[in-house]
Amino acid sequence: MSIGVFFPLGLYSVFLIMDYFRYRNKELYCEQIQVKTLAKLYQTPLYIYSARSIREHYHRLKNAFPQTLICYSVKANSNLSICRLLSDLKCGFDVVSAGELYRVLKIGADTSKTVFAGVGKTREEIVYALKNEILLFNTESIDEIETINQCAKALKKIACIGLRINPDVSAHTHRYITTATDETKFGVSINEAKIIIKNIHHFPAIRLVALQMHIGSQITSVLPYLKAIRKIVPLIWIARKEGHFLRYLDIGGGFGIYYKAREAKPASKFAEKVLPIIKKLGLSLIIEPGRFIVGNAGIIVTKIIRTKQIASRYFIICDAGMNTLIRPALYDAYHKIAPISIRQRVKKIRADIVGPICESADFFAINRLIQDVNKNEYLSLFSAGAYGYSMTSNYNSRTKPAEVLVDGRTHRLISRAETYKDLIRLEEHGPST
Ligand code: PLP
């Protein structure tokens, strides 16, 4: 069986993002390596990423959006080796904290292709970014612009900024990943933007070079992007009339991937609608994809600790939990789950697939139809490459898993599993009471 059981290969896959997690002779492989080998070698839970999938997803975007600055959204998966892989492809970065910028610097990436977003940038973070010559700050309030102006003045620098517009458009995605309605904290409203654009000349160390939006995540229709861009276009004319030399329209990230089946749209479907508008506007385009590049390029392998029945419910209890992958608990997210070894003629059962954490929200699937599995077998949680490891925690004092990057026939540990010592290392040397 191949992953084609879930997502038929062939013509369809030519256009869509896809990955290199496939079944061969009923065993799951990541590229050329059997997943079971990795699970035994590195122990579970274990994150496994396919370098080939990451490269391919990046190239799909690059081909669909030529002459566009692609700034990978580091929050999706901030592992240094993954960022380095993308930097080697000449990808830029979208960061939301000084910590993420530190990662970009650590891999020696070109900061002139880094954009910095977020509603709560501190003075220290702004200074750090200015000193490291980022491309621009995507600003979200007049107070932030004022602070950036002060910091830039003190450093005798000019700060380039984008203004993040909240176009009040619903992207029809989960409410926790909706970011562009007027009930969310992000950006400034269209009316406020008009006022800010007219007043930016009061900030001598600021250059407005971009308008930006990010309307949400896991968006599978191009319509919300078009709606939002249409709302922003009049602001571009206002900015020009006010004498601002706009260079970019940054439409953020949000391009959807497949979790269940065919929900993902090919990058070209977005590009063919968006690019003609950008061309007419005489601007360069920036996109900030995260999930699209890494989401389908990673899985989690987890071992079944035991199974148990309570009244009518059957539970499969895994060694991964909400501390390993919080998306189901946080967003009610769906992840395909399957054994890494498919057994023949095994009946299917309905089960709740859960972790060991002491919370009822600690589940990966409820009442899911799955091949009957036993203690010590391994399951794969698919599409876990984005907002997986970057959202892990030590809740219940559980250690974080290792991450492995597979590239063809080779595999490499790109982050080791934590030890119990790691769990307490920040507390050990604190003041004694
Ligand atoms: N840009 C900004 C400003 C974001 O907040 C996010 C995600 O929250 C992204 C880009 C990346 O989104 P996605 O991973 O859906 O592409």
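Tutor: Let us start with domains, whose bounds come from an automatic or database domain assignment. In this structure the protein chain is divided into domain 1, made of 4-50 + 295-423, and domain 2, which covers 117-289. Taken over C-alpha atoms, the centres of domain 1 and domain 2 are 35 Å apart.
The model is predicted, with local features needing pLDDT of at least 70 and side-chain atom pairs counting only at pLDDT 80 or more, while totals for chains, interfaces and linings use all residues. Residues are numbered from 1 along each chain as its sequence is written, and side-chain values use heavy atoms, with hydrogens and water left out.

Student: In what order do the 8 strands of the barrel come, and how do they pair?

Tutor: Strands of a sheet pair through backbone hydrogen bonds, either parallel or antiparallel. Strands here are DSSP runs (E, at least two residues), as helices are (H or I, at least four), and both are numbered from the N terminus; two strands pair if DSSP finds at least two bridges between them. In this model 8 strands close into a barrel in the order β5-β6-β7-β8-β9-β10-β11-β12, with parallel pairing. From one strand to the next, the twist averages 30 degrees, where axes are lines fitted to C-alpha atoms and angles run from 0 to 180 degrees between N-to-C directions. As one example of the pairing, β6 (residues 92-95) and β7 (residues 114-116) run parallel and are joined by 3 bridges, and phenylalanine 93 stands opposite threonine 114 in β7.

Student: What do β13 and β14 form, and how many residues lie between them?

Tutor: β13 and β14 form a hairpin with 2 residues between them, and alanine 311 in the turn has a positive phi of about 50 degrees. The two strands pair in the antiparallel sense over 6 bridges, and lysine 308 has phenylalanine 315 in β14 as its bridge partner.

Student: How many residues surround the ligand, and which are the closest?

Tutor: A residue counts as near a molecule if one of its heavy atoms lies within 4 Å of it. Here 13 residues surround the ligand, the closest being Ser217, Gly254, Glu288, Arg291 and Tyr387. A polar contact is a pair of N or O atoms within 3.5 Å, and a polar side-chain atom of aspartate 94 lies 3.3 Å from a nitrogen atom of the ligand. Backbone N or O atoms also take part, with one of glycine 254 lying 2.8 Å from a ligand oxygen atom, and one of arginine 291 lying 2.8 Å from an oxygen atom of the ligand.

Notes. A polar contact is a pair of N or O atoms within 3.5 Å; within protein, one must be able to donate a hydrogen and the other to accept it, and residues adjacent in sequence count only if both atoms are side-chain atoms.
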